[in-house]
Amino acid sequence: MTDAELRRVCRDRPLLTNELHEGNAFYGHDFVLKRYIGWPARDSLPVAIEHGVMINDSIWPLDERTLMPMFLCSGVQHAASYTRRTGRPAEAIGPLLRYAASVPPPPRDRRVLLVFPAHSNHRLAAQFDVNVLIDRLEAYRAEFDDVRVCLYWRDVLSGLAGPFVARGFRCVSAGHMFARDFLLRLSEILASSTHVLSNEIGSQILYAIVADRPAWIERQHVEYAPSANGVTQSERPEYRHPNVVRMFELFDRRRDVITDEQRRFVDELTGTTRVRSREELGRLVETAARERERRRSLLGRARELAWRSRYWGGVAHTSLRLATERVREASGALRGRS
């Protein structure tokens, strides 16, 4: 991608969506699932979709507070955790990447290393020594036909591509998190690679394994400075969580073949064996739609009962007031006669 193309796909933009649960539109999740099951694009989905694969046990507050009758997430662990915490049903449907597009096998004629640096977000700015990472990448030039750097939209806008481009590395991006084709573009980027490297934990490693690309982490010191008010601890990496510790252990060095342990670990978090057919996922969404209509019907009846109660209560109050006034009038008339 040229600098102009990077900035075009990563340009900041508002979230424009008809989803009642707005988080569904992050990374184009709603677009991908609607297209997969044939749901009308103009209609909101009657479910809440996990906005990103969770490595730890945290639940995004918007997902926890949702009024949708069903929560769709990637892994079984997270689904069970959500139900325990909220008491509401959750279904593991596997990684959303699988619903976007099928990633073909790695290219046979070329070896391409795809690099995902630690990334920033709306609230936190990832800070690390870029030159240290670039020096590491220089060492791989002799082994690979191409070394590409995939940057998060926030980091493209902050100018992170500059140092890589200056040293001759091509930069690409899946685009803005509110772009509906984010997952489609990410699938294409992964399809062009044979190996994946990162200097930090994250879903990029998980998605690499989902796409059947060997991946590893060359850990680098990364600081996350607040870029907005209201940053919570859950938005920072939780390095002591068992899943995080295990991830660093399993992906701590380069391997050209994905191990069975790595696949099992990724399946636990992303639910690769839980991917649903169009019919299965369609039935889940239809079940949620019926439950939502039932709730709306119950709510409508409750509102009607409340209105009737207020109405007849008001009628009774008025009747009582009129009766009281008439009694007073009659009593006054009797006193006048006496």
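How do the residues of the lining of the second largest pocket divide into nonpolar, polar and charged? The close-up views below, drawn from a predicted model, begin with this pocket.

**View A. Lining of the second largest pocket.** The lining comprises nine nonpolar, three polar and five charged residues. The volume of this second largest pocket is about 330 Å³. Leu16, Thr17, Asp30, Phe31 and Arg180 are the closest to the pocket centre among the 17 residues that line the second largest pocket.

View B. Helix α10 spans residues 203-210 and is mostly covered, with seven of its eight residues buried. The buried residues are Gln204, Ile205, Leu206, Tyr207, Ala208, Ile209 and Val210. After α10 comes aspartate 212, which has a positive phi, near 65°.

View C. Arginine 255 is placed in the loop between α11 (242-250) and α12 (260-270). Arginine 255 counts as buried because its relative accessibility is 19%, and the cut-off for buried is under 20%. A polar atom of the arginine 255 side chain lies 2.8 Å from the backbone oxygen of leucine 250. When neighbours within four places in sequence are left aside, the residues in contact with arginine 255 are Pro214, Leu250 and Gln262.

Conventions
Residues are numbered from 1 along each chain as its sequence is written. This is a predicted model: local features need pLDDT of at least 70, side-chain atom pairs count only at pLDDT 80 or more; totals for chains, interfaces and linings use all residues. Side-chain values use heavy atoms; hydrogens and water are left out. On a 1 Å grid over the protein atoms alone, a cavity is a set of points where a 1.4 Å probe fits but cannot get out, and a pocket is an open set with protein on both sides within 12 Å along at least five of seven lines; lining residues have an atom within 4 Å of a point. Grid points are joined across faces, edges and corners, and a volume is the space filled by probe spheres set on the points. Ala, Val, Leu, Ile, Met, Phe, Trp, Tyr, Cys and Pro count as nonpolar, Asp, Glu, Lys and Arg as charged, and the others, Gly among them, as polar. Buried means under 20% relative accessible area, exposed over 50%, partly exposed in between (1.4 Å probe, protein chains only). Helices (H or I, at least four residues) and strands (E, at least two) are DSSP runs, numbered from the N terminus. A polar contact is a pair of N or O atoms within 3.5 Å; within protein, one must be able to donate a hydrogen and the other to accept it, and residues adjacent in sequence count only if both atoms are side-chain atoms. Contact means heavy atoms within 4.5 Å.
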